[in-house]
Amino acid sequence: MPETNTAAAAQTLLKTLTGIEAAPTWSAPGRVNLIGEHTDYNDGFVLPFAIQHRTHAAVATRNDGLIRVASTFDERPVEVALTQLNELFRHRREEIAEWARYPLGVAWTLLKAAGVDASTVTGVDLAFSSNVPVGAGLSSSAAIEGATASALAETWGINLDRVALAQVGRAAENDAVGAPTGIMDQMATMLGRTDAAIFLDCRTLDAAVVDLGFAGAGLELLVIDTGVKHSHATGGYGERRTSCERGAAVMGVAALRDLTVSDLPRAKTLMDDITFRRVRHVVTENQRVLDTVRALREVGPDAIGELLVASHVSMRDDFEISVPELDRAVDAALAAGAIGARMTGGGFGGAAIALVARADVETISSAVTDAFAEAGFAAPTTFTVSPSAGANKNP
Ligand code: ADP
Ligand code: MG
């Protein structure tokens, strides 16, 4: 769906709620993580890029101190008093429909971060429309958070920079939704640039733009959405975080970021096998991010294939967050000639990515689809993504 139609769909939904035509819209992109998985909450390195799929928010103010949110995904609007947000999220968050915790959570954490009293800002209606696939590892959650944070900051005259708005989104996801995710997704959605990735140090939040050069090299980044749904609020994500914290504690460091590959032999003698393999994934993955950035800067995108594959193997065997569909997607893409491939996102489902020559997009897509059919898996959805700009107000 072209971006303009998604913006128009948000405006149409807002019109059905308020009667207001052609309201202003803000949008924020989903993201693909090129490499650096489960390194963010270990204070490590990641290399995501924002994609062309976006979530749009159409906005109108209201004078009764209420905030109302509606989405084309679930048209039943959810409405609460702004002054109730704090009490609601602290004590009664299960009363709020799950999807609405994302935008309402952002309203709550934005006011907190800015030190603004909820009774002093205008009420607001927000209508969302999105073409970011949900639960595919492309961070539809950061997209709705980024669109909401940008829209509300401007509407309420709150002057926070992009990094601060990313932190607002993360706080909403952690404290309002209850998903213990890191800062990567929100930074990618706020800082994205056309044709570039964001090399992020998750400890310092230093971010550098790294040119990808896919177009110049005749390459495309193919996303293979397995259709297997994951959930961050449940499942193995929290467990992996706990293992990482345990590993860091055993090694006497603040975070796994503080270890390098040369610390691994000692780590192996100090912890159980599962914790060690979780640690080894994070430590080697951090190194792979650094190696990928160097390869992109010094050689070009053709040089990163083996790093992508090594990342997948590490997630499959050491971190154990892959699923058969993701392994199949990676193996089939590589067998059909992809330069590199790996699962992307938090794991337990979602999407794989493959770096492929433009001329091979069709062949590799159908090879993967055939491999899924052979294995008796539901057909995957495949599409290419291009590195795109971060959150903004639509013209
Ligand atoms: P991912 O971020 O990988 O897509 P998450 O589980 O982190 O998956 O976030 C997906 C959730 O975010 C959805 O289940 C829904 O609650 C919420 N969400 C995302 N986009 C929208 C939208 N446009 N409208 C309503 N809710 C949305
Ligand atoms: Mg998410």
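Modeller: Let's start with helix 4, residues 140–155: with three residues, helix 4 gives the most to the shell around ligand 1. Keep in mind that this is a predicted model.

Colleague: Thanks! Which residues come nearest to ligand 1?

Modeller: There are 15 residues around the ligand, and those that come nearest are Ser71, Gly135, Ser139, Ser140 and Ser141.

Colleague: What does the side chain of Ser71 sit by on ligand 1?

Modeller: A nitrogen atom of ligand 1, with a polar side-chain atom of Ser71 at 2.6 Å from that nitrogen.

Colleague: And what about Ser140 and Ser141?

Modeller: Those two go to oxygen. Ser140 has a polar side-chain atom 2.6 Å from an oxygen atom of ligand 1, and for Ser141 the distance from a polar side-chain atom to an oxygen atom of the ligand is 2.9 Å.

Colleague: How much of ligand 1 does the protein bury?

Modeller: The protein buries 89% of the 560 Å² that ligand 1 exposes when taken alone. The space the ligand takes is the largest pocket.

Colleague: Switching topic: in what order do the strands of the open sheet come?

Modeller: The order is 2-7-8, three strands with antiparallel pairing. Strand 2 (45–46) and strand 8 (207–211) are the edges, each pairing on one side only.

Colleague: How many bridges join strand 7 to strand 8?

Modeller: Five, with strand 7 covering residues 196–201. As an example, Ala196 has Asp211 in strand 8 as its bridge partner.

How values were computed. Residues are numbered from 1 along each chain as its sequence is written. Chains are lettered from A and ligands numbered from 1 in the order in which they are written. This is a predicted model: local features need pLDDT of at least 70, side-chain atom pairs count only at pLDDT 80 or more; totals for chains, interfaces and linings use all residues. Side-chain values use heavy atoms; hydrogens and water are left out. A residue is near a molecule or strand if one of its heavy atoms lies within 4 Å of it. A polar contact is a pair of N or O atoms within 3.5 Å; within protein, one must be able to donate a hydrogen and the other to accept it, and residues adjacent in sequence count only if both atoms are side-chain atoms. Accessible areas come from the Shrake-Rupley method with a 1.4 Å probe; for residues, only the protein chains shown count as cover. On a 1 Å grid over the protein atoms alone, a cavity is a set of points where a 1.4 Å probe fits but cannot get out, and a pocket is an open set with protein on both sides within 12 Å along at least five of seven lines; lining residues have an atom within 4 Å of a point. A molecule sits in a cavity or pocket if more than half of its atoms lie within 2 Å of its grid points. Helices (H or I, at least four residues) and strands (E, at least two) are DSSP runs, numbered from the N terminus. Two strands pair if DSSP finds at least two bridges between them.
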